Every structure is written in structure tokens, then in C-alpha cells.
Amino acid sequence: MADLQKTQVPPDKMIQQLEWVGHMNNLKAQAEEIILTELIYS
């Protein structure tokens, strides 16, 4: 998640709360997909 946050900067949490939550959910889904690809499918 930290590596993804460095490459894809999230919106300001205090001003755009819903956009921030959506962005973090997308980053979590990307991280899970990367882990599943590396551990299970390879």
C-alpha cells in the first residue's frame, strides 16, 4: 500500500473525504491483486 501511495497520490483527506476513501479502496484492491498474482497464480 505504501508503494502504491507513493506512485498514486491520494486526494486531500480533510477536503475530499469520499474521494479519499474510494482512492484507498482502489489501492487496497490493487495490492490484493498483486499479492494474489505473485503468491497463487505464479
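Student: Which residues make the nonpolar surface patch of about 560 Å²?

Tutor: The model is predicted, so local features need pLDDT of at least 70 and side-chain atom pairs pLDDT 80 or more, while totals for chains, interfaces and linings use all residues. Residues are numbered from 1 along each chain as its sequence is written, and side-chain values use heavy atoms, with hydrogens and water left out. A patch takes residues with over 30% relative accessible area and no salt bridge, joining like charges within 9 Å and nonpolar side chains (Val, Leu, Ile, Met, Phe, Trp, Tyr) within 5 Å; a salt bridge is a side-chain nitrogen of Lys or Arg within 4 Å of a carboxyl oxygen of Asp or Glu, and areas follow the Shrake-Rupley method with a 1.4 Å probe, where for residues only the protein chains shown count as cover. The patch of about 560 Å² is made by Ile35, Leu36, Leu39, Ile40 and Tyr41.

Student: Is isoleucine 35 buried, partly exposed or exposed?

Tutor: Buried means under 20% relative accessible area, exposed means over 50%, and partly exposed lies in between (1.4 Å probe, protein chains only). Because its relative accessibility is 45%, isoleucine 35 counts as partly exposed.

Student: In which helix does isoleucine 35 lie?

Tutor: Helices (H or I, at least four residues) and strands (E, at least two) are DSSP runs numbered from the N terminus. The protein has two helices and zero strands. Isoleucine 35 belongs to α2.

Student: What is the reach of α2 from its first C-alpha to its last?

Tutor: The expected span of a helix is 1.5 Å times one less than its number of residues. With 23 residues, α2 is close to its expected span, and its reach is 33 Å.

Student: Against which element do the buried residues of α2 pack?

Tutor: The buried residues of α2 are His23, Met24, Leu27 and Ala31. Histidine 23 counts as buried because its relative accessibility is 18%. The buried residues of α2 pack against α1.

Student: With which residues is proline 10 in contact, leaving aside its neighbours within four places in sequence?

Tutor: Proline 10 lies in the loop between α1 (2-7) and α2 (17-39), and is partly exposed because its relative accessible area is 25%. Contact means heavy atoms within 4.5 Å. Leaving aside neighbours within four places in sequence, the contacts of proline 10 are Gln5, Trp20, His23 and Met24.

Student: How far apart in space are proline 10 and isoleucine 35?

Tutor: The two residues are 25 residues apart in sequence. From C-alpha to C-alpha, proline 10 and isoleucine 35 are separated by 21 Å.
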